[in-house]
Amino acid sequence: MSLLTHKHLLGLADYSEADITTILDTAERMKEILERPVPKVPTLRGVTVVNLFMESSTRTRVSFELAEKRLSADTLNFAVSSSSLSKGETLLDTALNIEAMKIDVVVMRHKSPGSPHFLARHLDSIIINAGDGCHEHPTQALLDMMTLRQKFGALKGLRVCLVGDISHSRVALSNIIGLKTMGAQVTVCGPATLIPRGIERLGVQVTHSLDEAIQRCDALNVLRLQLERQEAGLFPSLREYHQYFGLTRRRLEKAPAPLTILHPGPMNRGVEITSDVADSEHSVILQQVTNGVAVRMAVLYLLAGAKMPSTEMKV
Amino acid sequence: MDYKVKAVLVDSAGFARTITRLAHEIIERNRGTERLAFVGMQTRGVYLAQRLARKVEEIEGTALPVGVLDTTMYRDDFRTALKQPLVRVTEISFDLYNMNVVLVDDVLYTGRTVRAALDALMDLGRPKRIQLAVLVDRGHRELPIKPDFVGRNVPTSINEEVRVRMTEIDSEDAVLLVEVQQP
């Protein structure tokens, strides 16, 4: 019997409060392993993980790879540019071929929403979603929640505001789902063109004024402008965006109490966040990166470390 | 899982006496307390390590460091176990280098957890010597592991289990021999 009630991590949508708490608690233990003189444990020896990244990524890919290595899994990296996908092979064929080489886990990033769900239906392997288009990015939300929990002790009742491009952000959706499950209050803030209509149905509050949001939250998660995923004309110019939604020191000074600042990276310094805010003592941006490895170790341990019925007695 | 208590092997008073004797033996064998440290294995080994350290302090007047070790990530059976084990805290806040470490566990059985603990300790540092102290040795070893300090030797059969209860988390100090009823 495994500690999680799921085989895959496709998104946080079907993860319960107990599941998320188990992951965050396990991640704290993993963090301690990362601080040891030998930051490596033999736990996932014999487990093979394929990192199938079909969209560019630095942080997430490196973070997953490090997590896999810290747990002694065998890892295989797969980049789309050097693979047969560029010769026209379909995603399913590529995945089936990789799986035929006996692998256990696929960590996957793809530009199409739902692609990990599609693979989960066709493969026996455990699938971990590392970002699918503008849909979900569960491990990012988990590491954000881990960072917030370290700072505030608990997530219940915490007031978190997500600022920026909510429409194109998988980080936003996973954060909204995860934080709501954990009992936090979530506000989204951004220009009307970058906030999906009907988002209130997810139980979040909407504001179009950053100054107003600053007045009533404990932490701000500043999202990157997803310039590569946007069509033109959603806002007049980067300069104007910065004018209204850029997080500056001057804006933050109006907060009733110092706010904790998160950013999933990579930052567009001077656009959604200024350097003096990003590098300030209230920024936990680099802690997020450290926690990212721990969270991914926890997810890998909890999913790949559970007893697998199809491979009984496999040690 | 249901179980039936077959015998109380050690009661509360006996428990205290066993701790006292083990503490004396540890001091004697190590000719004092120099560079001595305890590492308790989660969960009850930790409380035993703390009690041994308190007793040693009473006798010798020196406070020894106590570390906490969780061996989950080093286990050889975690993917075959019926229930996936929760990863618990490891906290060894002193340098293991050149220390005489007394590894403490409640019940010694197959020896597999001790094997995992030895591997974990080696990754955490390089102690000069590791000794093993257990409250109960119930036999049935599957690996060549032998304890240095034993509270009680209890020959058992495979379908029996030894349950150590400690006031830190249970209602009493006791060692029970129980029979596990298979569901």
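Me: How many aromatic pairs does the model hold over all chains?
Reply: The model is predicted, and for this reading local features need pLDDT of at least 70 and side-chain atom pairs count only at pLDDT 80 or more, whereas totals for chains, interfaces and linings use all residues. Residues are numbered from 1 along each chain as its sequence is written, chains are lettered from A and ligands numbered from 1 in the order in which they are written, and side-chain values use heavy atoms, leaving out hydrogens and water. Rings of Phe, Tyr and Trp (its six-membered ring) pair if their centres lie within 6.5 Å, with planes under 30 degrees apart counted as stacked, over 60 as edge-to-face and the rest as tilted. By this rule, the count over all chains is two.

Me: Which class of aromatic pair do A:Phe235 and A:Tyr241 form?
Reply: Both partners are buried (under 20% relative accessible area, with exposed over 50% and partly exposed in between, for a 1.4 Å probe and protein chains only), since A:Phe235 has 15% relative accessibility and A:Tyr241 a relative accessible area of 3%. With 5.3 Å centre to centre and 45° between the planes, the pair is tilted.

Me: How far apart do the C-alpha centres of domain 1 and domain 2 of chain A lie?
Reply: Chain A is divided into domain 1 (17-137 + 289-307) and domain 2 (138-288), with bounds that come from an automatic or database domain assignment. Between these C-alpha centres the distance is 26 Å.

Me: Which residues of chain B is A:Met30 in contact with?
Reply: Contact means heavy atoms within 4.5 Å. Leaving aside neighbours within four places in sequence, A:Met30 is in contact with A:Leu71, A:Ala294, A:Met297, A:Ala298 and A:Tyr301, and, in chain B, with B:Met73 and B:Val87.

Me: Within what arc do the buried residues of α3(B) fall?
Reply: The buried residues of α3(B) are B:Val114, B:Ala116, B:Ala117, B:Ala120, B:Leu121 and B:Leu124. The arc is that of the directions from the helix axis to the C-beta atoms. Seen down the axis, these residues line one face of the helix, because they fall within an arc of 155°.

Me: Is B:Lys55 buried or exposed?
Reply: B:Lys55 is found in helix α2 (residues 44-60) of chain B, and, neighbours within four places in sequence aside, B:Lys55 is in contact with B:Ile19, B:Thr20 and B:Ala23. At 19% relative accessibility, B:Lys55 counts as buried.

Conventions:
Helices (H or I, at least four residues) and strands (E, at least two) are DSSP runs, numbered from the N terminus.
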